[in-house]
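Good morning, and thank you for coming. I would ask you to look at the sequence and the structure together, and to keep both in view while I speak.

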2 protein chains.
Amino acid sequence: MMVPMARAATTSDVFNAIAEPQRREILVLLRAGERPVTELAQELGMTQPGASKHLRVLREVGLVRDRKAGKQRLYGLDARGLRPVHEWTGGFEQFWNESFDRLDAYVQDLKQTQQEE
Amino acid sequence: MMVPMARAATTSDVFNAIAEPQRREILVLLRAGERPVTELAQELGMTQPGASKHLRVLREVGLVRDRKAGKQRLYGLDARGLRPVHEWTGGFEQFWNESFDRLDAYVQDLKQTQQEE
DNA sequence: CCATCATATGCCGATATCGGCATGCGTCAA
DNA sequence: TTGACGCATGCCGATATCGGCATATGATGG
């Protein structure tokens, strides 16, 4: 009985976490320092439960840390997880510098071959 | 009649496109040059329709180009769209270099305050 | 024109996602 | 202890997503 596999367990990785615009906004805000949930929600114009849910995702992939501060819970940035994303995209740096007006790797190979003759 | 808003129209942006592991694999493969759909599907161990669907997403966000080559359709990389992702993550570079052993921005602020007294 | 190859698309089922809401739970202050 | 505050969680509805499959579409060659 083949049970259909609906979705690759893509959840819980950093690429997925930052695919959400609001979560990216949260991370940007946290660069300025720790903040409680309510403040984040307010600054980003979302509800408190909404903020909490996004923070949960970010926490599960390790992009934020939380610590209790009395009645509040302060969320802080842990950007180390963004480094792999930076490096992965960096692996394409030489490609976005190429002129793509109408060319591509294949065509450029042809061009080079002609020059060598 | 408030119709519930289910999901932010996050589709069709680059962050979302590269959130899928298989799509990232496709991009990596295409660094070596253009390839037809079937070849990509084969190299990545996925079905042809599966490859076509992922390629469609990548094309819609501009990360790949396609051109007809006789009976085939060659897909090629257009990595320019990855640059914003690289730069966005780069905005956190100073943060992933900090020591997070047990510290965070807030605690560091406190430390500095003490030193100044 | 027809058969064939290459690719795209449509449909389906299972599940993940997101927002809104209500509510639970812990902490602090009076 | 009780009320108020801060936050997390659970439930729901709507929708997006992904894989598998069948099939449509398109181009090529005979």
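Between chain B and chain A of this predicted model, seven residue pairs are in polar contact, with both partners at pLDDT 80 or more. Which parts of chain B supply the side that touches chain A? At least two residues each come from α1 (14–17), α2 (21–30), β2 (64–69), α5 (82–90), α6 (93–96) and α7 (105–116) of chain B. The largest share, seven residues, comes from α5(B). Sorted by class, this side of chain B has 19 nonpolar, eight polar and 12 charged residues.

The extent of the interface can be given in two ways. In terms of residues, 39 of chain B are in contact with 39 of chain A. In terms of area, the two chains bury about 3,600 Å² between them, and 68% of that is on carbon and sulfur atoms.

Charged pairs also cross the interface. Side chains of opposite charge can pair when their charged atoms come close. Two salt bridges are found between chain B and chain A. In one salt bridge, B:R24 pairs with A:D13, with the closest N and O atoms 3.6 Å apart. B:R24 is also among the buried residues of α2(B), together with B:R23, B:I26, B:L27, B:L29 and B:L30. At the start of α2(B), a side-chain oxygen of B:E20 comes to within 3.1 Å of the backbone nitrogen of B:Q22.

Let us now turn to a single residue, A:V85. It lies in helix α5 of chain A, residues 82–90. Is A:V85 buried or exposed? Its relative accessibility is 1%, and because buried means under 20%, A:V85 counts as buried. Which residues does A:V85 touch, leaving aside its neighbours within four places in sequence? They are A:V14, A:F15 and A:I18 in chain A, and B:V85 and B:T89 in chain B.

Among contacts in chain A with a separation of 6 or more, 47% are between residues 24 or more positions apart.

Next, the strands. Strands of a sheet pair through backbone hydrogen bonds, either parallel or antiparallel. In chain A, strand β1 (residues 35–36) and strand β3 (residues 72–77) run antiparallel and are joined by two bridges, with A:P36 opposite A:L74. Strand β2 (residues 64–69) of chain A also pairs with β3(A) in the antiparallel sense, over six bridges, and here A:K68 stands opposite A:R73. The hairpin of β2(A) and β3(A) has two residues between the strands, and A:G70 takes a positive phi near 65° there.

In chain B, what is the order of the strands in the open sheet? The order is β1-β3-β2, with antiparallel pairing. The edge strands are β1 (35–36) and β2, each of which pairs on one side only. Six bridges join β2(B) to β3(B), and B:D66 stands opposite B:Y75.

Finally, I come to the salt bridges within the chains. Over all chains, a search of the whole structure finds 20 salt bridges. One of them joins A:E34 and A:R67, with the closest N and O atoms 2.9 Å apart. A:E34 counts as buried at 13% relative accessibility, while A:R67 counts as partly exposed at 24%.

A second salt bridge pairs A:D78 with A:R65 at 2.8 Å. A:D78 lies in the loop between β3 and α5 of chain A and A:R65 in strand β2, so the pair ties together parts 13 residues apart in sequence. A:D78 counts as buried at 2% relative accessibility, and A:R65 as partly exposed at 38%.

In chain B, the side chains of B:E39 and B:R35 meet in a salt bridge of 3.3 Å, N to O. B:E39 counts as partly exposed at 34% relative accessibility, whereas B:R35 is buried at 14%. In chain A, salt bridges link A:R35, A:E39 and A:E43 in a network. Thank you for your attention.

Methods: Residues numbered from 1 in each chain as written. Chains lettered and ligands numbered in written order. Predicted model: local features only at pLDDT ≥ 70, side-chain atom pairs only at ≥ 80, totals over all residues. Heavy atoms only, no water. Helix = DSSP H or I, 4+ residues; strand = E, 2+ residues; numbered from the N terminus. Buried < 20%, exposed > 50% of the residue type's maximum accessible area, 1.4 Å probe, protein only. Contact = heavy atoms within 4.5 Å. Buried area = accessible area lost by both parts, 1.4 Å probe. Salt bridge = Lys/Arg side-chain N within 4 Å of Asp/Glu carboxyl O. Polar contact = N/O pair within 3.5 Å; in protein donor to acceptor, adjacent residues only side chain to side chain. Nonpolar A, V, L, I, M, F, W, Y, C, P; charged D, E, K, R; others polar. Pairing = 2+ DSSP bridges.
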